[in-house]
Amino acid sequence: MSKNIIKYYPVGNGDTSLFKTNNANIITDINIREVKDGIYDVKKDLLKELDEREDRPYTDLFILTHHDNDHCLNFGKHFHTGKISTYDDDDEKIIIDELWVNEYILGDANISDDTDAGIIRKEVRRRRNLYKNNDSTKNERGNRLVLVGYDDNNQFTNVPQHIPGQIVTEINDTALDKFEFFIHAPFKADVIDCNAADDRNMSSIVYQARFYKTNGVDFSCRILHGGDADHYRWARIKEKSEKNNNEDALEWDIFQTPHHCSWTFFNDTPYKDDEKGIDNSEPKQTSIDILNYKKTGAKVVATSKKIVNNSDNPPHYPAKTEYVDVVGESNFKNTHKFYDDFKKPIVFELDEHGATLIKASASAISSGLSKPSRAGRAG
Amino acid sequence: MEQDYVTPSNKKISIEELRNDGSKQIVSSIDSFGGTIILLQVLEGKDNDEFLILKFLPDVPNDPTNDIRQEEVITIITSPNNLALPKVFACRDDFPLGLPHTNVTKDKRPVSLCIFEENFEELKHKWSGSYFLNAIKSWLELTARGELHKENQPLEPFVIGSKGIIVNPDDSFIKELPNGFYKTTGSNLGTPMHRLFISTSPVENGVVHQRIDNLYALGEIFKSKNIDLLALLKPKIIQLVDDGIRYKFLGDFWQGLLVLIVEIPILRDSVNSEPTLAGFKINATLGELSSIFGRTIIGLDKLMRVEENLSEGKLTPIEVEILSPHLSLNRTLAQTYSGIDAEFSEAKFTLVGLGALGSQFFMDLARNGFGIWNLIDKDILLPHNFIRHASTDIDNHLAENKAAAISKQANDLLNDYDFSKPFVANIYEVDKSIMQGSDIVIDMSTSIGVERYLANEIKGVRKLSAFLNPMGTDFVMLTEDVESYYPLDILEIQYYKELLTNPELSNHLDFESDGKIRYARGCRDITSKIPQENLSIFSGIASKAFKQNLNNKNAGLQIWRADESQGVTHRRFNVEDWEEKSISDWTIYINKNHFLATVSEFRTDKLPNETGGILIGAIDYHYKKIYIAHTILAPEDSIERPTLFIRGIKGVSEKLNQIQNITNDNLKYLGEWHSHPKNCGLGMSGDDKIQFAELLNEAKLNGQPAIMLILGDDNNFKIYIDNYEL
């Protein structure tokens, strides 16, 4: 595999990210919109980045933080579901070797079958049943399923589970090379909360992903990724991590803003409503504390539409201001703004110097890495 | 090039108004950087300079080695004439100082970036706006990673001066050279310049940015690196003054200026440092400086302690010139610059023969600072020798001994009088222990006598013999293995055999291009018509091959040939094994791989008949050695029967002539061999005895021993010499 990279695609208010580690490609969430002017072709880029097995693109791992539409848009169109034997080569769908979900995908009663969440649920059930029935193919790539967090409704019998506080060093029964996850959430309480409140955001998987330098000891990059988890979840993450001496799992070089740079990371919403006498404009100290676990030169990545100074939420302008206060303007990056400026996704390349945000496009044609466009009279 | 920054006017220039070609090119290429370079504004400077103020967004890591930021404002100054590269300055107030590849300027800020190592004259052919912007962006990105200064690049000096000083740390005085240079010297004739030497604690890699022109500024620069230079300087000056009084030195001593050499270890990384030198000429006399540093001299024989006064007011008027120091040439420096690694660099070599090849070979290695040498030659340099000798100093070296002249030349060059030692003598007169104490003895004497002497008389040391062929087109190197199991004489005989068996080498020993052979000459004498460039080519090959062969324990037989288009072909021959037999006072060497293999195969082919042929080889009467190297197989008019063999004569005469021509008489007819059938002994039959009696007569006539070899089963053979059998 090529060098380690972290990629955040410009998908408006939504999440699509890709980690390329030494021996695994990992996608977290997708929000793949129809390609037209001004919309970046995420699928095309994914196909370029992913490896192929028997001429079929695959990802070693797909993490669905939660099943809100902006985290799984067009999943059915672009990802293969069902047995591998049913793969249709004409569709160019991406095979998911191992799938990570939280409990609420099966606990949520408000999913209709024809939505992307419904398609995922069906696939989760299919894979789950292999474990439940102890099918001999359950551990094969394309069938593997992992529950992240707790199983509140006993829907995931026999399914492997990663719980908060756990460090995950292998996927697909294969050790990850100089890369690992620390699982932060959902806690049991989060699972209970989301079921009770019918709130998918509360169920979000939160992790710290960490790349090691070649010495295998120091980290080259730590990424905090929290789906749409709100400040209550983060307060709990902070409390538990600190209590269990896992402060290092809170440290970050890249922080992906939860819920598309919304205010929910900092406090309750609405932000302020003078008429109703609501004022939540003071950020919770626990959230600021989380941000203060930043390392040198750390970057905040706001995965949202362009952030302008209005009352939108998300993205929320005062939220951006809070982030900028912590990392400085030049270290705050918005996927949409970056795409406007540089015509590309936000990409960090990792090496012994840590993460380097790559703004410049490499010359691809003259260096032989890319085909020139078609030429000739017939065109 | 002057890199000082002069503040521009406030007058803004629009893109349409740009006049300088450089500005236009830079501005027009900004677009291609996809938003990573943004033009902020253009201001007008004096003399129509244009100040392009740009924001660069370099790709720098989160935690850079040097503090280069995600955004850096850079000013590029272009001038109307296209005679120099635009100047580049980093504008940020806290842009790091002392980075590698930054320029020396009058002021600390803005920091002047040194974007290219090449000068404008070289660069202008590939310079374009985007090339330039790209180079600046790369400068920022590589500097951020601490990778701009490559690991194998030498560390930068602490300060850079336009003049220089050649430093030999052992010298106490300074003398002036042309072009504003100085050199340390051991002599204090005339008004001396005093050399003071100071060592400091280590500092980070990176040039000092500011120009230093007085003693106060010098002290301040060192202070910024946490080094109190004046405190280090003071005891040195006091010591000099006290000595001057003690030894009652006269006026010249006190009128002498000071040159300060500072050894500054520069950190390559957090652990390793490398010493560098900085030189400063202080334009004040010792007398003047003494009072500033706390001594007043009265009447040249007394002094008074006074309060030192190192105030800005006192020090600023004292001018300081920066002298870029250059170590005087020595063996270590020569080794470093020649890429010589430790092994064998201190080995002891004895070189016999300092003629055209030997002297050039030696000087090649002397310039490497390679080895410690004994040089043996008895001859003197005559005018024609200078055409191809490594000495070109005809004024001083004419009629000088070759070894002595070239030894002095090398020792002077390396400033090292132990590097080589001449032995003005015939090799036979030189104490053998001189050679035996060497790691290898190299024969470039072009004398077979010398080579045989070395092979037979100098034991316990590896030897190598190298020479050109008479036409100067081929170069031969014979190298013994480290145990001298394959001695030079054996390698020499195989070399002749190779000339016979490799048709392309049959002209190797031709003396003139018409192929005529002149007799009564040594085959290593070269014609007087070889140009120096052939010696250049082959002495270079000799030096390289020599170093390579030192690292190889095995014996070697190599021939290089330069063709008419200056291509050089290299042949390396497998060194062949010889069987050694002694009888009476003779030692006989029989080539196994070629001779025995050939005759055995021939015998097998001819069975059940007997067969035979002629023994070809060489005899060394002095050392009583016979070398059987080659054969002429039974001519077609031979008679081969199961119980008899009569060697024919058809073509034999021509073949023998050819062998003698090709090997310049070094291989020739030695005797006869014939085979016995299967399961027969190797004793002489009645017929054999009759033939051998004939051979004995013939041999007496030729003044050489009679030799007969009888070959039997399993490569077994018996040799008969005169009346002895082996």
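Student: Where is D60(A) found?

Tutor: In this predicted model, D60(A) is found in strand 6 of chain A, residues 56–63.

Student: What makes D60(A) count as buried?

Tutor: Its neighbour count. D60(A) has 23 other C-beta atoms within 10 Å. The cut-off for buried is 20 or more. So D60(A) is buried.

Student: Which residues is D60(A) in contact with, leaving aside its neighbours within four places in sequence?

Tutor: A24(A), N25(A), I26(A), D97(A), E98(A), I171(A) and N172(A). Contact here takes C-beta atoms within 7 Å. There is also a C-alpha value: D60(A) and I95(A) are separated by 8.4 Å, though they are 35 residues apart along the chain.

Student: Is I264(B) buried or exposed, and how do you know?

Tutor: Apply the cut-off again. I264(B) has 22 C-beta neighbours inside 10 Å. Buried takes 20 or more, so I264(B) counts as buried. I264(B) is found in strand 11 of chain B, residues 257–267. Its C-alpha atom is 8.3 Å from that of E274(B), 10 residues apart in sequence.

Student: Why is the largest nonpolar core said to lie between domain 3 and domain 4 of chain B?

Tutor: Start with the core. The largest nonpolar core has 96 residues. Those with the most contacts inside it are L351(B), F362(B), A542(B) and I628(B). Domain 3 (340–573) and domain 4 (578–725) of chain B both give residues to this core, so it lies between them. Apart from it lies another core, of 89 residues, including L73(A) and F156(A).

Student: What is L351(B) in contact with, leaving aside its neighbours within four places in sequence?

Tutor: G358(B), F362(B), W373(B), L375(B), I376(B), I442(B) and M444(B).

Student: What makes strand 30 of chain B mostly covered?

Tutor: Strand 30 spans residues 668–675, and six of its eight residues are buried.

Student: How do you know that strand 30 of chain B pairs with strand 26 of chain B?

Tutor: Count the bridges. A pair needs at least two. Strand 26 (residues 612–620) and strand 30 of chain B have six, in the antiparallel sense. In one of them, G612(B) has H674(B) as its partner.

Student: How many bridges join strand 30 to strand 31 of chain B?

Tutor: Five, and the two strands run parallel. Strand 31 covers residues 707–711. There, I707(B) is the bridge partner of G671(B).

Student: Which elements make the right-handed β-α-β unit?

Tutor: Strand 30, helix 19 (residues 686–702) and strand 31, all of chain B.

Student: Why do strand 11 and strand 21 of chain A stand at the edges?

Tutor: Look at the sheet order: 11-14-15-16-17-20-21 in chain A. The sheet is open, has seven strands and is mixed in pairing. Strand 11 (167–168) and strand 21 (332–334) each have a single partner strand, so one side of each is left without a neighbour in the sheet.

Student: How many bridges pair strand 20 of chain A with strand 21 of chain A?

Tutor: Three, in the parallel sense. At least two are needed, so strand 20 and strand 21 of chain A count as paired. A302(A) stands opposite N334(A) in strand 21.

Student: How many residues does the contact take from chain A and chain B?

Tutor: 19 residues from chain A and 15 residues from chain B. Strand 20 (294–302), helix 9 (335–342) and strand 23 (354–357) of chain A each supply at least two residues of the side that touches chain B. By class, that side of chain A has six nonpolar, eight polar and five charged residues.

Technical notes. Residues numbered from 1 in each chain as written. Chains lettered and ligands numbered in written order. Predicted model: local features only at pLDDT ≥ 70, side-chain atom pairs only at ≥ 80, totals over all residues. Core = buried A, V, L, I, M, F, W, Y, C linked by C-beta atoms within 7 Å. Buried ≥ 20, exposed ≤ 12 C-beta atoms within 10 Å, placed from the backbone. Domains from an automatic or database assignment. Contact = placed C-beta atoms within 7 Å. Helix = DSSP H or I, 4+ residues; strand = E, 2+ residues; numbered from the N terminus. Right-handed = clockwise from strand over helix to strand, strands pointing away. Nonpolar A, V, L, I, M, F, W, Y, C, P; charged D, E, K, R; others polar.
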